[in-house]
Amino acid sequence: MLRSVLAVLLGIITLTVISFAVEAGMDPLLLRLFPHTLPNEAALGQNLLVRALMFVYGAASIVAGGYVTAWVARRAPVGHALVMGLLQSALTIVAMFAVTTHASTQVWLISAVMAVPAAWLGGLIYVRRERLRNTAR
């Protein structure tokens, strides 16, 4: 039980650290590279390409979180990754109501919906990698 809780928490921590790190580096870089298109931080959330990029790195972060969750859990790795994805969806919905100025409702809802399949994919990648590693022995 403790390992399961730890696995899910480490997955959430992993996806959060990756997501915030990418955003912390990417936002100032985009503002500097494209000053006419992106004159301020508010423009980042309105730009379609930046929003698409946000979904890509967000999904990749959740996949990584699902992978870490599966790796730590060992037992029922994909199930644990799915639980992590469901928890992330719930946390996203809570954040949607708490931080109303960060993004549109549409962005929050898409993020919440994509968390479960992205985490599931992370768990599947772990399982497949383990199978390949075990057959190579």
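This is a guided tour of the structure, stop by stop, for use with a viewer.

This is a predicted model: local features need pLDDT of at least 70, side-chain atom pairs count only at pLDDT 80 or more, and totals for chains, interfaces and linings use all residues. Residues are numbered from 1 along each chain as its sequence is written, and side-chain values use heavy atoms, without hydrogens and water.

**Whole chain**

Start with the protein chain as a cartoon. Its secondary structure comes to five helices and zero strands, in the order α-α-α-α-α from the N terminus. Helices (H or I, at least four residues) and strands (E, at least two) are DSSP runs, numbered from the N terminus. The C-alpha trace spans about 55 × 35 × 20 Å along its principal axes. Of the 137 residues, 39% count as buried; buried means under 20% relative accessible area, exposed over 50%, and partly exposed in between, with a 1.4 Å probe and protein chains only.

**Helix H3**

Select residues 48-73, which form helix H3.

At the start of H3, a side-chain oxygen of Asn47 comes to within 2.9 Å of the backbone nitrogen of Leu49. A polar contact is a pair of N or O atoms within 3.5 Å; within protein, one must be able to donate a hydrogen and the other to accept it, and residues adjacent in sequence count only if both atoms are side-chain atoms.

**The loop after H3**

Move to the other end of H3, which is followed by Arg74. Arg74 lies in the loop between H3 and helix H4 (77-98). Its phi is near 65°, a positive value in a residue other than glycine. Arg74 counts as exposed, at 59% relative accessibility.

Ala76 is in the loop between H3 and H4. Phi of Ala76 is also positive, near 50°, in a residue other than glycine. At 42% relative accessibility, Ala76 counts as partly exposed.

For a distance check, select the C-alpha atoms of Arg74 and Leu31: they are 42 Å apart in space, and the residues are 43 apart in sequence.

**The aromatic pair**

The structure holds one aromatic pair. The ring centres of Tyr67 and Tyr126 are 5.5 Å apart and the planes are at 80°, so the pair is edge-to-face. Rings of Phe, Tyr and Trp (its six-membered ring) pair if their centres lie within 6.5 Å; planes under 30 degrees apart count as stacked, over 60 as edge-to-face and the rest as tilted. Tyr67 is in H3 and Tyr126 in helix H5 (residues 105-135), 59 residues apart, and the pair links distant parts of the chain. Tyr67 is partly exposed, with a relative accessible area of 21%, whereas Tyr126 is buried, at 8%.

**The largest pocket**

Finally, select Ser19, Phe20, Gln88, Thr92 and Trp108, which among the 22 lining residues of the largest pocket lie nearest its centre. Helix H1 (2-33), H3, H4 and H5 each supply at least two residues of the lining; the largest share, six residues, comes from H3. On a 1 Å grid over the protein atoms alone, a cavity is a set of points where a 1.4 Å probe fits but cannot get out, and a pocket is an open set with protein on both sides within 12 Å along at least five of seven lines; lining residues have an atom within 4 Å of a point.
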